[in-house]
Amino acid sequence: MKAEKHQQKLEREIALKASFMNTTKWKALFAILKGINFQFECTVKLLLDAKIRTFSIPNSNNLIKEKYIEEYWGVFELREIEWILISLKTEFQNIEELEQKLQEGKLFEYETSKAELKIYGYK
């Protein structure tokens, strides 16, 4: 019953926002991030959760039933991701290089600053 209420609440929240991502695009993003030789830290904000949590970019074979991610703090569905923030670990890395990789394939909605890139699932 709790899972059903969560799904209903999630559906209502999704209906109020502009959606930029789907499961295929999240997987493409994760493949890009796994494929680059960057040192970065990620945080994630879920739609129904005020907390910003640490997040590890999964391999596509780490996804549960193609759409769920398990972190040490819980399991969540890809469609629950409001945004992911990627912070570079060293000043020698260049956010433009990462941005260029993102522009080579699918269209992603994102913002950049000097050392961070925020990719939106919803806005």
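Author: Start with terms. Helices (H or I, at least four residues) and strands (E, at least two) are DSSP runs, numbered from the N terminus. Two strands pair if DSSP finds at least two bridges between them. With that, one case can be read: strand 3 is joined to strand 4 by a hairpin through two residues.

Reader: What should I know about the source of the numbers?

Author: This is a predicted model, in which local features need pLDDT of at least 70, side-chain atom pairs count only at pLDDT 80 or more, and totals for chains, interfaces and linings use all residues. Residues are numbered from 1 along each chain as its sequence is written, and side-chain values use heavy atoms, with hydrogens and water left out.

Reader: How many helices and strands does the protein chain have?

Author: The protein chain has three helices and seven strands. Their order from the N terminus is α-α-β-β-β-β-β-α-β-β. The radius of gyration, taken over C-alpha atoms, can be set against the globule rule, which is 2.2 Å times the number of residues to the power 0.38. For the protein chain the radius is 14 Å, close to the 14 Å that the rule gives for 123 residues, so the chain is as compact as a globular protein of that length.

Reader: What does "buried" mean, and what share of the protein chain counts as buried?

Author: Buried means under 20% relative accessible area, exposed over 50%, and partly exposed in between (1.4 Å probe, protein chains only). Of the 123 residues, 40% count as buried. Strand 5 (residues 81-88) is a clear case: eight of its eight residues are buried, so the rest of the structure largely encloses this strand.

Reader: Which strands are joined to strand 5 by bridges?

Author: One is strand 1 (residues 40-46), which runs antiparallel to strand 5 and is joined to it by seven bridges. Here Leu46 has Ile81 of strand 5 as its bridge partner. Another is strand 7 (residues 116-120), also antiparallel to strand 5, with five bridges. In that pair, Leu85 has Lys118 of strand 7 as its bridge partner.

Reader: How do I read the two faces of a strand?

Author: In a regular strand the side chains alternate between the two faces of the sheet. In strand 3, Ile69 and Glu71 make up the covered face, while Tyr68 and Glu70 make up the uncovered one. Strand 3 runs antiparallel to strand 4 (residues 74-77), and four bridges join them. Within this pair, Glu70 stands opposite Val75.

Reader: What is there to read in a phi angle?

Author: Most residues other than glycine have a negative phi, and most peptide bonds are trans. Lys65 has a positive phi of about 50° although it is not a glycine. Glu66, not a glycine either, has a positive phi of about 70°. Lys65 sits in the loop between strand 2 (52-55) and strand 3 (68-71), and Glu66 also lies in the loop between strand 2 and strand 3.

Reader: Is Lys65 buried or exposed?

Author: Lys65 counts as exposed, at 70% relative accessibility. Glu66 is partly exposed, with a relative accessible area of 46%.

Reader: Which residues is Arg53 in contact with, leaving aside its neighbours within four places in sequence?

Author: Contact means heavy atoms within 4.5 Å. Arg53, in strand 2, is in contact with Cys42, Thr43, Val44 and Trp73 once those neighbours are left aside. Across the protein chain, among contacts between residues at least 6 apart in sequence, 66% join residues at least 24 apart.
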